[in-house]
Structures are given as C-alpha cells and as structure tokens.
Amino acid sequence: MSIDATTPSGKDKPAGSILNDPKIRGIIYQAVTLLLLVAFIYWVAMNTSENLKRANIASGYGFLNGRAGFDVGQSLIAYSSDSTYGRALVVGFFNTILVAVAGIITATIIGFLVGIGRLSKNWLIAKLSMVYVEVFRNIPPLLVIFFWYSGVLAVLPQPKESVALPLNMYINNRGLAFPKPIFDSGSQFILLALVIAVIGSILFSRYANKKQAETGQRMPVLWTVLGLLIGLPLLTYFATGMPISFDVPVAGKFNLTGGSVVGPEFLSLFLALSFYTASFIAEIVRAGIRGVSHGQSEAAHALGVRPGLTTRLVVVPQAMRIIIPPLTSQYLNLTKNSSLAIAIGYSDLVSTGGTILNQTGQAIEIVSIWIVVYLTLSLSTSLIMNWFNAKMALVER
Amino acid sequence: MNTHQTNFVRTSMLEQSTPPVLDKGYIAWIRKNLLATPLDAVLTIIALLALAWLLPPAIKWLFIDASWTGGGRGVCATAAQGGSQPEGWSGACWAFVGAKFDVFMFGRYPIDERWRPMLVGILFVALLVPILIPKLPYKGLNAILLFGVLPIVSFFILIGGVLGLPYVETPLWGGLMVTLILSFVGIAVSLPLGIILALGRRSTMPVIRLLCTFFIEIVRGIPLITVLFMASVMLPLFLPQGMTVDKFLRAVIGVSLFASAYMAEVVRGGLQAIPKGQAEGADSLGLSYWQKMRLIVLPQALKLVIPGIVNTFIGLFKDTSLVSIIGMFDLLGIVRQNFSDANWASPVTPLSGLVFAGFVFWLFCFGMSRYSGFMERRLDKGHKR
C-alpha cells in the first residue's frame, strides 16, 4: 500500500520532473553561465569604452607607429629614440628571447650537473648538490636578481679599475666586456664549411648505424664527427687567410675601449634565471634517473655491457622520457620569469611595454600584446616539446 | 654406546677478530664515500678546493667582519667612504638590519599601532599550529576559525576604523606582514578556486569545460607580472566611474587568480589518477555530484597531490615578492626601499639587506616543503604501487 503511494506511476509525472533530467539540467546550467558571462563582458566593455572616452584615449593599435622617444639599454636590432613604439616592442621581444635562450642553455647545463651530482656516491658532491638545490629552490627569483644586480655587480670597481678575467675579458660595474669578433670577407666560407660539416656528420652517423645493423661492425663515429665539426671550419679558416679577427677590449686610463659590452642588467637577469631554474632542473633530472628501475641496469650488466655504455644506451634514454615533460615546463617558466627584467630595467618585452604604457596609456593594447606574445611562445614551445616527447615516448603495443 | 665424535668440527666459538684497519671507522667511511674510485677522489679534491675558496670568505663576511651594532652608516663604511672601518674592509652590515627590523616587519604601519599586526600574528600562530599537528582534535572547527573567522577579524583589526581603533590605510602596510597576508589569502582562495576550476575542466558540460580550460591555459601561459599589471592598470578601466578597488586588494586578486590556475592543474592531475570505478561506485550508491566529489573523489585525489599543492603554495609565497614591482612594499620591496636611506647607504647595505630577506623567505619555504614531506609520509597508507 505504502509503496503505491510513493512510487510515481508513468502517467502522472510530478510537475518538476523535466528538471530532474541531468541532460536538460546541464543545458540550463550552461545557458545561465553563458548568459552571466555575456552580461559581465558587456558591462565591462561599456565601462571601458566610457572610461577611455573620458580619458581621451583612442583605442586601437595605431599608436604603435608613433615616435618612441626613449632609449633602450641593449638592442639586437637597430634602434634609436626616433624609432616607433612598434619597433621598441620588437627590440624588447628579441631581448626576451636572448635572455631566455641563454638562460635555458646555462640552466640546463648546471641543472644536469647538480642533478647527477645529487645521485653521486661521493658524499661530499651529493651533499653540496643538495645544499645548492635547497638554497636556490626556496628563494624568490626576484631576490636572486637583486642579489646579483645590487649586491654583487653594483659593488664591482669602476671601469678604470676593471677586473681582468681570462680570455681578454674585463668586468666592472658597467658590465662585462669581451672580445668582439670581426668578420671580414671570406668568413662566410667558414659558416658554409660548418654547415657542410654538420650535414656530413649526420649522414655519416646514419651510414654508420646502418652498417652496424648489417655487419655488427662499429665505425669510429665520435672521432670522425669531431674531426669534421672542428677540422673543416678550421681548415677553411686558414685556407681563406684567417678572415676573423677580434676587437679586444683594452683597459685605458679612465675606461675600457673596444670589444663588446653586456650590461649588468642582462648579466644579473641571466645569472639569476640560470641559477634559480637550475635547481628545479636538478630535481627533475634526479627524479628521472631514479625513475628508471634498477632491473634495467642490472640486466644490462648481466648481458656484459660496460657501465659507461649502460648509462648511455640503457639508463639515459629511459630517463629522458621522464625528464622531458617537466623540463619543458621549466623552460617555459624561465621564459616567463624573464619578465622580471622590468625590476632592474633590462629592456625586455614587458619592460619596454611598461614604458610605452606609461607614455601612451594604451593599457588594453599593451597587455593584449603581452598576452599574445607569451601565449604564442608557450604554445609553440609545448608543441615542439610534445613532438619531441612523442618521438622519445615508449612505443607500446 | 658412546656418541660418535667428529674431530674436525670445532666445539667452541672463535674469538671475534677486529676488522681490518682500513674497513672500520672513519677511514672506511672516507674510503667508501669520498675516494671510492679515482674519479671520486678527483671530484672530492675539486669540491674541497671550491669549499676552501668559498666558505672562509663567506663566513668572514657574514660573521667575523660584520658590524653588529651602530647607529648609522659609519659602522658599515670604510674611511674613504666616510665611515669608521679600515681601508679595504667589507663585511655584512647587520646593524642596518637590526635598526630597520621593525620596518622590515611592519612597513610604515604607525609605531603606536604595531601591537595590532602583532596580535593578528599571535592569533594566526595560535590557530595555525594546532591545525598542523595531526594528533590534535577539532580540525573542522579549527579550519573554520583559521580560514573563515580569522581573515575577517584580522582585516578589521589591521585596518581599524571600528571599536575606537584608528584607521590605517593599506598603503601604510608593508614588510613581512604584507608578504604573509598576501600569501595567506592567496592560499586560502586559490585552493578552493583551483578545485572548482579543475572540476570544471573535467566537467561533461562543454561550455563550462571550455571556459575553465581557457582560463587555466591563458593564465598559465603568461607571466605573473602581466597579471599584476592587468590588475593594477586595467581593472580601473573595467569598473564604472567612481568605483575603485583598493590597490592591496587588486594585488590579492591578481595573485590568487594566478595561483588558482596552477592549483587547478595540480588538482586535475590528482583527479585523473583516481580510477573511474570510484566515481561509478558513488553514482550507483545514488550520491549527488557534489556528494560524490566531496566524499569519494576529492579526498583521494587531494591526498595524492599534496606535494604538488604545497609546491604551488611555495611558488605563491615566492611570487608575492613581485608586488614590489607594481609599487607595493612587501618584505623585498621594503628592504630595497631602505637601501637608499641616506643614514645607512653604503656599498655593503644592499647585500646585507638582501641576505636577510633571502633568509626569511628561505625559512618559510623550506619549512613548508619539510612539512609537506612529513604529511606525505603520514598520509601514505601503503597503497602506493
């Protein structure tokens, strides 16, 4: 009896039953969200256009053609204060790329060394690596930048008392001066020789691999490749009559003359990003190597493979699979952290953009340019790394 | 019948002989850990040389040559720089840190009112410590007090204007106090928001999923400094005339939104690791979506990603230092501001201040990572494969 009362029969459904259908409910939820979002965007857009009208700011990207009127400290392409805002942003973009690439290379080298060091059986090396990681991982990167900028580089001596470094380099509180290579006519042949050497090395190692697969004979790949890469450009260098010379910085009475100089802004940003990111890369490398099961190297030893070869042929390829995805995100983090340049005045994308923003008040346009550029960098890096990762990934059947 | 006697079996135990000299004590330890192979020996020597080159000057600079007391820049500058130290002297200027300690902690908060941030600090510690010790009871009540009641009470204590407390505007706030407030609010907001975003990204409703994915990917693709710029220069454009948001609040919003996108990805990793059977089991028991998530899926998922969550917290804590770029004075900002104090400016002041700030940041971050390791071991119920 009581069951009949509570069970709804098929004929007289309760009025709200259509709302209990998860599909219809989902549609309603989404419609409400969309409606709220559209209303919110409309409200923001109305406010913005009204605010812009009141502040007398024309929206649009036309301002990029205006005269910049400010100088940048360091530029890879020709730039003067008469150049346009657009060109200033391009200068900033190249500076971002420059510090990011330099930082990524150094951070990778330090990170791999420290990460392998933490796994070393040598107690001292392992402990030193651990201290390095724990110190740099737990300090804000901005602080490390200031450490180099106002703690170390700013208290270096004046240019007239520059500290001499090996290879004719000098360091002072205006930056690092190093010999500038001067390419005379004929140096393009050296570049050509280098390209030929690279192509030749790739072809030779492919041929050697094929030969090994067929006959079991291993050719001396390493020595041939080294010989090609170093010997061929060197030979061309002498054959074309030594077309590359160096403009060496000379310590004068008051200043250094000649050579190229990188400013303390770039140096401190580069050093800080490298040291900071290296501590994360070290942990990734350690986790990657420890992630390869011990059975793998034991099996290699049981087959009679020598320890060096075991590392190179068995452990490293498998560890790389674990290392690459998080390594990618560290590279992206480094690129994004390079925006901290604004704190010390290195003219990167954010720094030049900030200056333009202050001059013109085009906040929306500048921020949108930042977002588009950084998103493009992020997405393209992750695309490349995903492709690389797919190539390296375990092929499972 | 007498028992068979085997003469070649020893009936008494031998005296234990001492191990070879080279295999015991510190000699064995050194041989095993420092000089195992020729390469190891070379590495050890290089490391020792590097230590001998780095450590004594560092200790000398930090402690022996440091000037610990004094009322002005004189104690931290050489005679040529207008101070009392001998020519060629260089050492840490802890006198500067000591004299500015209160400023580093509270910024320009009025001196007579500094008991207020201290009181908030005491309340915070009193509520935080019991929630960190797993054995203590009333975790739910504790969490409500810490994350719900404390922020509201602290806000009114700090800003004043009620109960006869003088009003202290936020631009006067500064120092470690601002760093801690920013990170605490950021943590308290980013975890729930991140969970919601992660659930949204795995939702079956395409509109919700798309919106959450968009938000997460865009925020993760851009640097925090652009988000802070957006919060400081674009937010005023978006609001109607006359409506302003406090600069401090803008920074809090920026930092929290930024961290929640990262948190969402961490939580999503945990959600993906939970087998589908768990959610299906909850469905078959007739639990609603929120009951299923709250009671079945999230407790397992969050436990899996504790290291990732704490890493995000540590990242957030470090990232709060960026607000100094948009003109707020957190710990790093206030330390840098005081470099230019004419009373203390000397070549060693910046480095001393930065070493101090770095040490404070390091202490908090290192503490967090240690605690996360402890929780990870405690919560590990042996389900690991």
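Which residues is Leu228(B) in contact with, leaving aside its neighbours within four places in sequence? In this predicted model, the partners of Leu228(B) on those terms are Ala251(B), Gly254(B), Leu322(B), Val323(B) and Ile326(B). Leu228(B) also belongs to the largest nonpolar core, where it is among the residues that touch the most other members, and it takes part in the contact between helices H8(B) and H9(B).

**The largest nonpolar core**

- The largest nonpolar core holds 137 residues, and those that touch the most other members are Leu143(A), Val144(A), Ile145(A) and Leu269(A) from chain A, together with Ile225(B), Leu228(B) and Val267(B) from chain B.
- Helix H6 of chain B, which spans residues 176–201, gives the most to this core, with 15 residues.

**Contact between chains A and B**

- Chain A brings 44 residues to the contact and chain B brings 42 residues.
- On the side of chain A that touches chain B, the elements giving two or more residues are helices H2 (22–55), H4 (123–137), H5 (141–152), H10 (307–337), H11 (349–360) and H12 (363–392) of chain A.
- Of these, H2(A) gives the most, with nine residues.
- By class, the residues on this side of chain A divide into 28 nonpolar, 13 polar and three charged.

**Helices H8 and H9 of chain B**

- Helix H8 (residues 224–238) and helix H9 (residues 247–273) of chain B have axes that come within 9 Å and cross at roughly 140°, and the two helices are therefore oblique to each other.
- The crossing of H8(B) and H9(B) is right-handed.
- Sorted by class, the contact of H8(B) with H9(B) has nine nonpolar, two polar and two charged residues.

**Helices H3 and H8 of chain A**

- Helix H3 (residues 85–118) and helix H8 (residues 264–291) of chain A pack at an angle of about 40°, with their axes 6 Å apart, and H3(A) and H8(A) are therefore oblique to each other.
- H3(A) passes H8(A) in a right-handed crossing, and the contact of H3(A) with H8(A) has 15 nonpolar, seven polar and three charged residues.

- Gly258(A) is found in the loop between strand S7 (256–257) and strand S8 (260–262) of chain A, and Gly258(A) is partly exposed because 15 other C-beta atoms lie within 10 Å.
- Not counting residues up to four places away in sequence, Gly258(A) touches Asp247(A), Val248(A), Pro249(A) and Val250(A); Gly258(A) and Asp247(A) are eleven residues apart in sequence and 6.1 Å apart in space, C-alpha to C-alpha.
- Tyr138(B) is found in the loop between helix H4 (115–132) and helix H5 (139–159) of chain B, where its phi is near 55°, a positive value in a residue other than glycine.
- Tyr138(B) is exposed, because 11 other C-beta atoms lie within 10 Å.
- Gly88(B) is found in the loop between helix H2 (38–64) and helix H3 (94–106) of chain B, and Gly88(B) is exposed, with 7 other C-beta atoms within 10 Å.
- Gly88(B) and Val21(B) are 67 residues apart in sequence and 49 Å apart in space, C-alpha to C-alpha.

Technical notes. Residues are numbered from 1 along each chain as its sequence is written. Chains are lettered from A and ligands numbered from 1 in the order in which they are written. This is a predicted model: local features need pLDDT of at least 70, side-chain atom pairs count only at pLDDT 80 or more; totals for chains, interfaces and linings use all residues. A nonpolar core is a set of buried Ala, Val, Leu, Ile, Met, Phe, Trp, Tyr and Cys residues joined through C-beta atoms within 7 Å. A residue is buried if 20 or more other C-beta atoms lie within 10 Å of its own, exposed if 12 or fewer, and partly exposed in between; C-beta atoms are placed from the backbone. Helices (H or I, at least four residues) and strands (E, at least two) are DSSP runs, numbered from the N terminus. Two residues are in contact if their C-beta atoms, placed from the backbone, lie within 7 Å. Ala, Val, Leu, Ile, Met, Phe, Trp, Tyr, Cys and Pro count as nonpolar, Asp, Glu, Lys and Arg as charged, and the others, Gly among them, as polar. Axes are lines fitted to C-alpha atoms, for helices over the stretch in contact, and angles run from 0 to 180 degrees between N-to-C directions. Angles under 35 degrees count as roughly parallel, over 145 as roughly antiparallel, 65 to 115 as roughly perpendicular and the rest as oblique. A crossing is left-handed if the near helix is turned anticlockwise from the far one by less than a right angle, and right-handed if clockwise.
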